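Here is a walk through one protein model, written for someone who would rather look at side chains than at a list of coordinates. Keep the viewer open and follow along.

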Amino acid sequence: MGLSSALATAMSGLRSTQAALSIITSNVANAQTPGYVAQNPNQIEVASGSYGSTVATNGVNRQLDLFVQSQLRTEMAGGGYADQMANILGQLQSVYGTPGGDGTLEGALNNFTTALQSLSNNPSNSSAQSVALSAAQSLARQLNTTTQGIQTLRTNVSQDLGTSATAANGLMSQIAEINTQLQGLSSNDPLAATLMDQRDNAINQLAKYTDIRTVTDNSNQVSVFTTSGIQLVGAGLASEFQYTSAGSLNATSLYSTNPTQNGVGSLNIKLPNGALLDVVSSNIVSSGQIAADIKLRDQTLVQAQTQIDQLAATMSSALSDKTTAGTAVAGPPAGFDVNTSGLLDGNSINLTYTDSSNVQRQIKIVNVSDPAALPLQNAVGANPTLVGANFSLGMASVVSQLNVALGSAHLQFTNPSGSTLRITDDGTSAATVNAASATTTVQTLASGNAQLPLFTDGTTAYTGYIRASGSEMTGLAGRISVNPALLADPAKLSTYSTSPATAAGDATRPSFLFAQLTQATFNVSPATGLGSAAQPFKATVSNYLQQFISQQGNASTLATQLQQGQSVVVSTLQQKFNSTSAVNMDSEMSNLIQVQNTYAANAHIMSVVQSMMQSLLQANT
């Protein structure tokens with residue numbers, strides 16, 4: 001190697017070590033900077049003609065594991081989802097209160113049944129009547145308060161949905177802007193490395209709000225997609241979440257794909273091409289805080305509301321509904337006559353029959369006065385099967401409606417006289433009618449029946465009517481109250497008849513009320529999350545309350561466990577990612593010593609070459 005070649009090699013070495021020293025300095029200075037990825041020099045061999053090969057520094061390389069980074073972002077979305085679920089379900093437990101404690105549904109129901117039991121032992125005691133009514137009012141108020149708590153949570157979640165959408169929009173715009181800034185820059189450019197750090201940090205933050213996957217092309221442009229395939233960012237263009245608030249939500253504020261029926265506001269995403277998609281109906285997000293907010297607002301908290309609405313409806317109906325068995329018709333065809341004269345909107349006729357396969361089936365014929373609500377929808381395997389009929393149109397119409405709806409079941413409906421509905425087989429022996437009855441709501445306090453409308457929907461008796469807009473049960477827990485007429489005449493808690501007058505000490509009514517709330521069993525809607533359409537959950541009022549409170553408690557516990565587990569996963573992956581990409585001060589100090597030694601060696605070579613050149617020049621002179 002000649003002196004010129006040695007000099008050229010030493011000079012290139014000095015330049016490379018100077019570049020490496022600058023990178024080490026940058027790493028050390030940014031060791032605590034969030035999102036900063038450690039860099040190392042990208043050194044290449046350069047042919048130098050007659051001088052041979054030398055070394056040159058061509059920018060920097062970022063030290064990161066792309067596979068771990070992708071996994072980390074996936075788990076960050078899961079973490080955002082788990083955090084929000086655990087947070088809101090924990091707050092829901094606060095709404096319910098401590099099981100068995102004061103100010104809880106369980107405590108209020110127990111106080112009411114205890115007061116009824118005391119009243120049944122001394123039915124004519126005015127003080128016992130007042131205590132029972134006071135306990136009933138406390139129970140109604142507790143249902144009202146619980147509804148308010150649940151709907152406040154729904155409103156808060158809905159507002160958080162808007163906040164999260166705004167934050168996600170800012171991050172998507174930032175990613176698109178950095179993509180634009182990176183256009184034309186080499187991936188090894190130090191400025192590009194800084195911009196990529198900023199972009200990765202923005203993508204990581206976006207992953208907390210929604211599930212994402214990224215694709216990087218040869219020009220260093222990142223495209224961001226949801227796992228469902230919707231593009232959030234492409235080159236310099238970003239999609240935009242568009243959120244419209246519905247304000248404060250109530251129990252009837254429900255999501256619908258029909259904009260005219262949607263009561264929770266809207267969350268759409270506008271793509272760069274102008275297309276507008278409904279985030280909820282299109283299932284665009286499946287994880288992250290936005291997905292958690294959607295599930296909480298439209299499913300989890302709606303189900304919690306349905307559970308207490310079911311409690312309010314069951315209590316109301318248990319105390320006010322009277323079931324009258326039909327009168328057997330010998331036939332042929334054989335069946336039953338049912339009196340429909342007291343059938344209110346929402347009341348029903350219950351029918352049991354055996355089909356040609358010797359399978360016993362149940363049908364619940366519901367009086368539905370809203371034509372837009374017909375026909376009633378049934379889940380697969382529903383038992384009983386719901387059939388709606390508009391009794392306000394007269395018996396001739398009712399008979400026609402039912403024969404059309406149930407003729408295929410080999411059942412026949414006729415009207416022998418007045419308001420009597422006769423239910424028989426069709427004479428083919430393909431079906432056998434086993435039983436039929438009518439369930440009606442007692443509307444007065446002294447009807448001669450033990451039943452009474454103790455709880456009302458506002459000021460009217462609850463019947464469970466069905467409208468195209470929904471069932472009366474929806475939101476009932478927020479509207480339920482004690483019958484104003486009963487508050488004005490507490491003696492009616494015991495007096496159920498005025499002609500003949502209820503005898504002093506007659507415990508018929510308070511004993512009935514107590515038994516209905518503590519011993520009688522009822523089917524609950526599968527919308528409560530208990531049971532199914534084919535096998536409904538059946539329990540007493542108190543057991544049903546305990547069951548759904550326990551279910552919600554378990555859900556909260558599981559959500560907390562998931563949050564804790566997800567936190568561990570994210571932390572572990574973050575540590576694994578940092579082991580490659582974070583600045584390691586020990587490594588940097590080691591590299592610094594190596595660079596200093598290399599610099600000293602190259603400087604020494606230059607010094608030696610200079611000395612030799614001077615010697616040659618002196619020899620030549």
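## A buried asparagine to start with

Asn 179 lies in helix α4 (helices are DSSP runs of H or I with at least four residues, strands are runs of E with at least two, and both are numbered from the N terminus). Asn 179 is buried, with a relative accessible area of 0%; buried means under 20%, exposed over 50% and partly exposed in between, using a 1.4 Å probe and protein chains only. Leaving aside neighbours within four places in sequence, Asn 179 is in contact with Arg 199, Asn 220, Gln 221, Val 222, Val 233, Ala 235 and Gly 236, where contact means heavy atoms within 4.5 Å.

A word on the ground rules. This is a predicted model, so local features need pLDDT of at least 70 and side-chain atom pairs count only at pLDDT 80 or more, while totals for chains, interfaces and linings use all residues. Residues are numbered from 1 along each chain as its sequence is written, and side-chain values use heavy atoms, with hydrogens and water left out.

## The overall picture

The protein has 621 residues, and buried ones make up 45% of them. Its secondary structure comes to twelve helices and 25 strands. Among contacts with a separation of 6 or more, 65% are between residues 24 or more positions apart.

## The cores

In soluble globular proteins, nonpolar side chains tend to be buried together. Here, the largest nonpolar core has 98 residues, and Met 315, Leu 454, Phe 455 and Phe 548 touch the most other members. (A nonpolar core is a set of buried Ala, Val, Leu, Ile, Met, Phe, Trp, Tyr and Cys residues joined through side-chain atoms within 4.5 Å.) Helix α4, residues 126–182, gives the largest share of this core, with 18 residues. Apart from it lies another core, of 25 residues, including Ile 349, Ala 389, Met 395 and Val 399.

What does Leu 454 touch, not counting residues up to four places away in sequence? Its list is Phe 112, Ala 136, Leu 319, Ser 481, Val 482, Asn 483, Leu 486, Leu 493 and Leu 513.

## Rings and charges

The structure holds three aromatic pairs. Rings of Phe, Tyr and Trp (its six-membered ring) pair if their centres lie within 6.5 Å; planes under 30 degrees apart count as stacked, over 60 as edge-to-face and the rest as tilted. Here are two of the pairs:

| Pair | Type | Centre to centre | Angle between planes |
|---|---|---|---|
| Phe 112 and Phe 455 | edge-to-face | 5.8 Å | 75 degrees |
| Tyr 544 and Phe 548 | tilted | 5.1 Å | 55 degrees |

Phe 112 sits in helix α3 (residues 105–121) and Phe 455 in strand β19 (residues 455–457), so this pair ties together parts that are 343 residues apart in sequence. Phe 112 is buried at 1% relative accessible area, and Phe 455 counts as buried at 2%.

Tyr 544 and Phe 548 both belong to helix α11 (residues 541–581), four residues apart, or about one turn of the helix. Tyr 544 is buried at 2% and Phe 548 at 0%. Ring pairs also bring in Tyr 96, linking Tyr 96, Tyr 544 and Phe 548 into a cluster.

Arg 213 lies over the face of Phe 225, at 4.8 Å from the ring centre, and Arg 467 lies over the face of Tyr 465, at 4.2 Å. The rule here is NZ of Lys or CZ of Arg within 6 Å of the ring centre and within 35 degrees of the ring normal.

## Two open sheets

Strands of a sheet pair through backbone hydrogen bonds, either parallel or antiparallel. In this model, two strands count as paired if DSSP finds at least two bridges between them.

Three bridges join β19 to β23, and Phe 455 stands opposite Val 482 in β23.
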